[in-house]
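Q: The model below is to be examined through its classifications. On what grounds is each label assigned?

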Amino acid sequence: MSQSNINKAYENPGLRFLETALYQMPMAYAVITGNPGNGEIDGIVRFYPVDNGVLVNAEIYGLPVSDLPCKTDIFGFHIHEGNACTGTNSDPYANVGNHYNPSRCPHPAHMGDLPPLFGNNGSAWTMYFTDRFTIQDLIGRTVIIHSGPDDFTTQPSGNSGTKIACGAIQATSSPSPI
């Protein structure tokens, strides 16, 4: 290792991400609510600009809990192209449309494909960093939580089950309640 590399201080990007989430207001957010028959799902997804990407932080409560010995409390998590969490009696979120995919990429390379949520006794918390989209791309779209895990293979949307919760993504205004 060269002397110049030894003298360089290591900067932990994870620390910068945590500080962003703890001390800055998100540029956009979605308040998540569940549809009837799926318990009292609620939470928030926050979107922060960081460097050349977006830090996404999801905090969800009231997810279904499996009572099977080999729990599969994993939920598909996607950005959809629609702008409102509305629909019909049989599909309360029918109007959210398809996964957000302006480049027409195959699944799982859609701009709207997000890592799954892993439930923990009905709660899920995740944070990740991506350059798949900008915050401006997302404002006016929706976040959907599905009843099952995304298989990352099935076209066009990963066979992740029914839509059980939704939130419309909106720009944060000052002062914000978040």
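A: A strand here is a DSSP run of E covering at least two residues, and strands are numbered from the N terminus. On that basis, Pro156 lies in the loop between strand S8 (142-146) and strand S9 (163-171). The model is predicted.

Q: Which peptide bond has omega near 15°, and where is its proline placed?
A: That value belongs to the bond from His107 to Pro108, which is also cis. Pro108 sits in the loop between strand S5 (77-80) and strand S6 (117-118).

Q: How do you know that Cys85 and Cys166 form a disulfide?
A: The criterion is a pair of cysteine sulfur atoms within 2.5 Å. The sulfur atoms of Cys85 and Cys166 are 1.9 Å apart, so the pair meets the criterion and is a disulfide. A search of the whole structure finds one disulfide.

Q: Why is the disulfide of Cys85 and Cys166 called left-handed?
A: The torsion about its S-S bond is about -75°, and therefore the disulfide is left-handed. The pair links distant parts of the chain, 81 residues apart: Cys85 belongs to the loop between S5 and S6, and Cys166 to strand S9.

Q: What makes Cys85 partly exposed?
A: The partly exposed class lies between the buried limit of under 20% and the exposed limit of over 50%. Cys85 has a relative accessible area of 27%, so Cys85 is partly exposed. Cys105, at 28% relative accessibility, likewise counts as partly exposed.

Q: Why does Cys70 count as exposed?
A: Exposed requires over 50% relative accessible area. Cys70 has 64% relative accessibility and therefore counts as exposed.

Q: Where is Phe152 found, and why is Phe152 called partly exposed?
A: Phe152 is found in the loop between S8 and S9. Phe152 has a positive phi, near 55°, in a residue other than glycine. With a relative accessible area of 37%, between the limits of 20% and 50%, Phe152 is therefore partly exposed.

How values were computed:
Residues are numbered from 1 along each chain as its sequence is written. This is a predicted model: local features need pLDDT of at least 70, side-chain atom pairs count only at pLDDT 80 or more; totals for chains, interfaces and linings use all residues. Side-chain values use heavy atoms; hydrogens and water are left out. Helices (H or I, at least four residues) and strands (E, at least two) are DSSP runs, numbered from the N terminus. Buried means under 20% relative accessible area, exposed over 50%, partly exposed in between (1.4 Å probe, protein chains only).
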